[in-house]
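Please keep the sequence and the model in view while reading.

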Amino acid sequence: PLSVSPSLATDEPRALTTAEIERSKTITHAQPTAAAVNNRKRNMFIAGGLAILLIGALVAGYKLWPAPKSATFQSMKITRLTNSGKVIDSIISPDGKYLVYVLSDAGKQSLWIRQVSIANDTQIVPAAPVGVFGTAFSRDGNDVYYVIKANLDRGTLYRIPALGGTTVKVLEGIDSPVSCSPDGKQLTWLRGNFPTQGDSALMIANSDGSGERPLATRKSPKVFTPIFFTGPSWSPDGKLIAASVGSFDAPFRIFTFAVADGKETDLTPTTPLRFTARVEWLPDMSGLLVVGGEGPGISQVWLLSYPGGALHRITNDLTTY
């Protein structure tokens with residue numbers, strides 16, 4: 001800062017001293033030239049422009065970069081919904097409000113529905129001396145599919161309104177639960193002994209049972225596991241169907257099959273489970289729920305990430321799922 005000497009504060013003019021003249025020259029020479037000012041302004045303008053571009057890029061990146069997905073099943077609570085001890089199969093509705101289950105009692109099986117939050121159990125398919133399995137909701141939650149087997153004959157698929165009504169026969173040759181396409185217009189399921197004894201196939205048909213065709217087949221001994229507790233799952237984007245493949249002398253593997261051409265992809269990690277049963281896509285396609293086990297005995301529920309294929313256990317207790 002420049003201070004003014006007391007002698008300069010008077011009204012009377014006087015001659016400058018030699019020291020004051022030299023100081024004036026120094027201050028004058030220190031003032032920036034017009035070119036320097038322009039350069040400084042140009043540099044500040046460039047720096048400001050770069051800062052604006054950087055901020056814009058960061059904002060755009062924040063909006064476009066996928067948000068990190070929250071961890072799945074980090075906190076879990078198990079609640080008992082039935083108390084009879086006679087429930088052998090169940091399925092939850094797409095909106096999570098209803099539960100349909102199979103009740104087995106005195107050699108007969110029946111189909112029931114109840115709200116998850118209220119114990120208002122209602123029978124929708126009467127008890128009969130048959131095997132009932134493969135329950136599945138339609139995508140809109142309005143209908144329930146179920147399979148009936150009697151005397152080891154070919155399974156027959158039926159459809160009934162979720163809250164009860166007229167039963168409609170859909171198709172035959174069913175060995176697993178069905179899974180609906182996202183638009184509800186098609187079904188997929190597993191069929192055993194196709195095309196020959198011991199082989200199996202992943203099948204597709206229209207929701208009314210017409211136009212059935214195999215999407216993929218497997219030769220024995222490594223086959224689709226066509227038993228009542230297994231089943232394929234149609235992906236939420238409609239492009240893939242996931243299913244379990246394996247044999248009893250080798251680990252089972254989870255494959256996806258492209259609906260368009262049947263192209264298959266192995267999702268199984270380096271160390272697969274000893275056996276796997278039913279699979280189910282998560283709604284955001286971040287993974288699949290898998291029922292399976294590392295050895296004989298207790299089966300648990302697992303999460304298989306997609307498309308990475310990382311395997312994480314969800315349940316860890318003495319219950320068999």
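A residue is called buried when its relative accessible area is under 20%, exposed when that value is over 50%, and partly exposed in between (1.4 Å probe, protein chains only). The model is predicted, so local features need pLDDT of at least 70 and side-chain atom pairs count only at pLDDT 80 or more, whereas totals for chains, interfaces and linings use all residues. Residues are numbered from 1 along each chain as its sequence is written, and side-chain values use heavy atoms, with hydrogens and water left out.

**Overall architecture**

- The protein has 2 helices and 21 strands; helices (H or I, at least four residues) and strands (E, at least two) are DSSP runs, numbered from the N terminus.
- Of its 321 residues, 36% count as buried.
- The accessible surface comes to about 19200 Å², and 59% of this area belongs to carbon and sulfur atoms. Accessible areas come from the Shrake-Rupley method with a 1.4 Å probe, and for residues only the protein chains shown count as cover.
- Among contacts (heavy atoms within 4.5 Å) with a separation of 6 or more, 32% are between residues 24 or more positions apart.

- S110 lies in strand β3 and is classed as buried because its relative accessibility is 4%.
- Beyond its neighbours within four places in sequence, S110 is in contact with Y101, V102, L103, Q123, V125, P126 and A127.
- The side chains of S110 and W112 are joined by a polar contact of 2.8 Å. A polar contact is a pair of N or O atoms within 3.5 Å; within protein, one must be able to donate a hydrogen and the other to accept it, and residues adjacent in sequence count only if both atoms are side-chain atoms.
- F257 belongs to strand β16 (residues 250–258) and is buried, because its relative accessible area is 0%.
- Residues up to four places away in sequence aside, the contacts of F257 include L202, L215, F224, L240, I241 and E264.
- The C-alpha atoms of F257 and A243, 14 residues apart along the chain, are 8.1 Å from each other.

**Backbone features in loops**

- The peptide bond from S220 to P221 is cis, with omega near 15°; P221 is in the loop between β12 (213–218) and β13 (223–224).
- A cis peptide bond also runs from Y306 to P307, with omega near 5°, and P307 occupies the loop between β20 (300–305) and β21 (311–313).
- A106 is not a glycine, yet its phi is positive, at about 55°. This residue is in the loop between β2 (98–105) and β3 (108–115) and counts as exposed, because its relative accessibility is 74%.
- N193, also not a glycine, has a positive phi of about 55°. Its place is the loop between β10 (186–192) and β11 (200–206), and its relative accessible area of 44% makes N193 partly exposed.

**A nonpolar surface patch**

- F73, M76, I78 and Y321 form a nonpolar patch on the surface, and together they have about 390 Å² of accessible area.
- F73 is located in the loop between α2 (34–64) and β1 (87–92), and counts as partly exposed because its relative accessibility is 37%.

Notes
Patch = residues over 30% accessible without salt bridge, like charges linked within 9 Å, V, L, I, M, F, W, Y side chains within 5 Å. Salt bridge = Lys/Arg side-chain N within 4 Å of Asp/Glu carboxyl O.
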